[in-house]
Amino acid sequence: MPNMRLLVVDDNAALRKGLSVRLRANGYEVLFAEDAISATAVILMERPDLVILDLGLPGGDGFDVMERLHRSDPLAKIPVIVLTGREVAGNRNRALQAGAAAFFQKPMEDGTLLSTIRSALNMSRDRSHLGESSISC
Amino acid sequence: MKELSPQPAQENQEQLTAHLAKKSHELRNALACIRQFGNILADGLAGELSDEQREYVAIMLEKASTIRRVLDSSLDGSAGLLEVATNKIDRPSKVGMAHA
């Protein structure tokens, strides 16, 4: 899916680098943030098409970022994929209830992550088109 | 007879669970990087590899998968088992202890 901009939020620099190589090889433009506060700022300024979000972050956590996103109607439509080293128990349900499109525990399978990104972007685009058509009616 | 709260034992269990969760988190982040860059090399995203280099990277990725399986089945599992085990124990609300 060309020209799509993904924001990778993770405090681990090596993981950001590795993800960016993989995502760029698949045609995505990649933005970065390494803490909860700059993540929110980048989302507000750049309006990425999708966010890959770690939960354990300096300056808050991934749940704080999702909560801030959902306070704003246009930002709440940006799909979020949680990618975390935290345990599944408790965190997966909490993340999905907070509005995440998907939850992955590290280490993730590249193929599964990429197909989930494509699905989330497709769903987001379809919702956007539906929204436009309902407005025109 | 002096009554003692079971709180220290519960605190120890909570500390151990938190410690295991922290170690699991650290290992999972490190393992994610190893697999990420291993796959980048294997897929030729950082340049073509020789047959020998490809073989070595494949071994590295295979061993990373072994570590992941161990992590999934033991470290994370032990934290869960610890919770199950402590939940199954009917601890008295207070423990009495005689002092000389």
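In the predicted model, strand β6 of chain A is covered on both of its faces, with Val80(A), Val82(A) and Thr84(A) buried on one side and Ile81(A) and Leu83(A) buried on the other. Counted along residues 80–84, this amounts to 5 of 5 residues buried, and the strand is accordingly described as mostly covered. Two strands of chain A are paired with β6(A). On the one hand, β3(A) is joined to β6(A) by 3 bridges, the two strands running parallel, and within this pairing Val51(A) has Val80(A) as its bridge partner. On the other hand, β6(A) and β7(A) are paired over 4 bridges, again in the parallel sense, and here Leu83(A) stands opposite Phe104(A) of β7(A).

In soluble globular proteins, nonpolar side chains tend to be buried together. For Ile52(A), once neighbours within four places in sequence are set aside, the contacts are with Leu6(A), Val8(A), Val9(A), Leu19(A), Ile81(A) and Leu83(A); Ile81(A) and Leu83(A), both in this list, are the two residues buried on one side of β6(A).

Burial in helix α3 of chain A, which spans residues 62–70, involves Gly62(A), Val65(A), Met66(A) and Leu69(A). When the helix is viewed down its axis, these buried residues fall within an arc of 95 degrees, so that they line one face of α3(A).

Two features of backbone geometry in the loops of chain A may be noted. The peptide bond between Lys106(A) and Pro107(A) is cis, with omega at about -5 degrees, and Pro107(A) is placed in the loop that runs between β7 (102–105) and α6 (110–136) of chain A.

Between the two chains, 16 residues of chain B are in contact with 17 residues of chain A. On the side of chain B that touches chain A, helices α1 and α2 (51–88) of chain B each supply at least two residues, and the largest share, 13 residues, comes from α1(B).

As regards confidence, the model scores ipTM 0.85 and pTM 0.81. Chain A has a mean pLDDT of 91, with 93% of its residues reaching 70 or more, although over residues 132–137 of chain A the pLDDT stays under 50, and for this stretch the model has 0 contacts beyond four places in sequence. For chain B the mean pLDDT is 77, and 67% of the residues reach 70 or more. Within chain B, confidence is highest in helix α1 (residues 7–42), at a mean of 89, and lowest in strand β2 (residues 95–97), at 35. Over residues 78–100 of chain B the pLDDT is below 50, while this stretch has 20 contacts in the model beyond near neighbours in sequence.

Technical notes. Residues numbered from 1 in each chain as written. Chains lettered and ligands numbered in written order. Predicted model: local features only at pLDDT ≥ 70, side-chain atom pairs only at ≥ 80, totals over all residues. pLDDT = per-residue confidence, 0-100. Contact = placed C-beta atoms within 7 Å. Buried ≥ 20, exposed ≤ 12 C-beta atoms within 10 Å, placed from the backbone. Arc of directions from axis to C-beta. Pairing = 2+ DSSP bridges.
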